[in-house]
Amino acid sequence: MKNSTKMIMYVTATMFFFIGIALHPVTAFATDDFTVETQVRLAGEKEWKESVDAKVGDKVEFQIKYTNTSNKQQDNVVIKDILPSNLRYVAGSTKIKNSNHPNGDTLDHDYLVTDGQKVGNYGPGANVRLMFTAEVVDDNLACGKNTLVNWAQAGVGDTTIQDEARVVVQNNKIFYVIAAIYTVTVTICLIIIIILARKVIKLNKAKNKARNKNSAEV
C-alpha cells in the first residue's frame, strides 16, 4: 500500500513538473526572438567576464543584457536575478541602462533579486542592461574551491531564458586554523623544553655544588 501511494505521488509530481515546463518553458541563453547574457567583474575593474576569482569580503558587479533579436516589438519584458548562497546583494545597487536611461540610472527598488524587474517594451534590435553589486560572504563556504553560480533570467510572455556568470572563491579558513593550532602547539612545546632545560641546568649546578662540597670535606 505504501509503495503504491509513493508511486502515485511520484507520477503526479512528474506530471505537474512537465506541465509546468510546457506552460512556462525555461531555455538557456537565447531563443529565435531574444537573448540574455550574464557577465561579472570585480568591483572597480572595467572588463566584463563569464567568471572571476574572488575572496570573502570582495564586491563583484553583475551585468544582465537582454536583446530583442526578432522583427517584432516585445512588451512587458521582465528580468530576474537568482543569487546563490555566499553572494549577498548590496541593497540599492541596481542600475538600468537603455534608450530611456543612456547614462545608467539607479533604480529606487530591488525587485531584480526578488520578484523580477519590469524593464519595459523593446522593438527589434533594442536592448537593456541591468547592473548590480554583490558581496562575497561566508555563510556556508566549503573548504577549498567554491564555484558560486549566479543565474539571470529574461522573460517575454510565457517564455523565459537564462544565462549564468560564476564567482570562484578559494576558502582556506581551515588551513589557517590548522596553522594557528600548529603554531600554538609548537610554542607550548618550546616553552616546556625551555622550562625542563632550566630545571636540568639548575639540578646539575646543585649536584656539582654538592660534589665540590664533599671533595672539600675529604
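Reader: What is the relative accessible area of Ile-192?
Author: This is a predicted model: local features need pLDDT of at least 70, side-chain atom pairs count only at pLDDT 80 or more, and totals for chains, interfaces and linings use all residues. Residues are numbered from 1 along each chain as its sequence is written, and side-chain values use heavy atoms, with hydrogens and water left out. Ile-192 lies in helix H2, residues 173-217 (helices are DSSP runs of H or I with at least four residues, strands are runs of E with at least two, both numbered from the N terminus). Ile-192 is partly exposed (buried means under 20% relative accessible area, exposed over 50%, partly exposed in between, with a 1.4 Å probe and protein chains only); its value is 45%.

Reader: How many helices and strands does the protein have?
Author: Read the elements from the N terminus: α-β-β-β-β-β-β-β-β-β-β-β-β-α. The secondary structure comes to two helices and twelve strands.

Reader: What share of the contacts with a separation of 6 or more joins residues 24 or more positions apart?
Author: A contact means heavy atoms within 4.5 Å. Count those in the protein with a separation of 6 or more, and the share from residues 24 or more positions apart is 72%.

Reader: How many residues of strand E12 are buried?
Author: Across the protein, buried residues make up 29% of the 218 residues. Strand E12 spans residues 159-171 and is mostly covered. Of its 13 residues, the buried ones number ten.

Reader: Which residue in E12 is the bridge partner of Gln-153?
Author: Two strands pair if DSSP finds at least two bridges between them. E11 and E12 pair in the antiparallel sense over 13 bridges. Their hairpin has two residues between the strands, and Gly-157 takes a positive phi near 65° there. For Gln-153 the partner in E12 is Gln-162.

Reader: Which residue in E12 stands opposite Val-52?
Author: Strand E3 covers residues 51-54. E3 and E12 pair in the parallel sense over four bridges. Opposite Val-52 stands Val-167.

Reader: How far apart are the closest N and O atoms of Arg-41 and Glu-61?
Author: Side chains of opposite charge can pair when their charged atoms come close. A salt bridge is a side-chain nitrogen of Lys or Arg within 4 Å of a carboxyl oxygen of Asp or Glu, and the count comes to four. Arg-41 forms one with Glu-61, with a closest distance of 2.7 Å.

Reader: Why does that pair tie together separate parts of the chain?
Author: Arg-41 counts as buried, at 17% relative accessibility. The reason lies in the elements: Arg-41 is in strand E2 (residues 34-42) and Glu-61 is in strand E4 (residues 59-68), so the two parts are apart in sequence by 20 residues.

Reader: What is the N to O distance in the salt bridge of Glu-164 and Arg-166?
Author: Glu-164 is buried, with a relative accessible area of 19%. Arg-166 is partly exposed, at 35%. Their side chains meet at 2.4 Å.

Reader: What area does the nonpolar surface patch of Ile-188, Ile-192 and Leu-196 have?
Author: Patches use residues with over 30% relative accessible area and no salt bridge; like charges are joined within 9 Å, nonpolar side chains (Val, Leu, Ile, Met, Phe, Trp, Tyr) within 5 Å. The whole accessible surface comes to about 14500 Å², with 57% belonging to carbon and sulfur atoms (Shrake-Rupley method, 1.4 Å probe; for residues, only the protein chains shown count as cover). The patch of Ile-188, Ile-192 and Leu-196 comes to about 270 Å².

Reader: Which three residues do ring pairs link into a cluster?
Author: Rings of Phe, Tyr and Trp (its six-membered ring) pair if their centres lie within 6.5 Å; planes under 30 degrees apart count as stacked, over 60 as edge-to-face and the rest as tilted. The structure holds four aromatic pairs, among them the tilted pair of Phe-34 and Tyr-66, at 5.9 Å centre to centre and 50° between the planes. Tyr-66 and Tyr-122 have centres 5.4 Å apart and planes at 65°, so that pair is edge-to-face. The cluster is Phe-34, Tyr-66 and Tyr-122.
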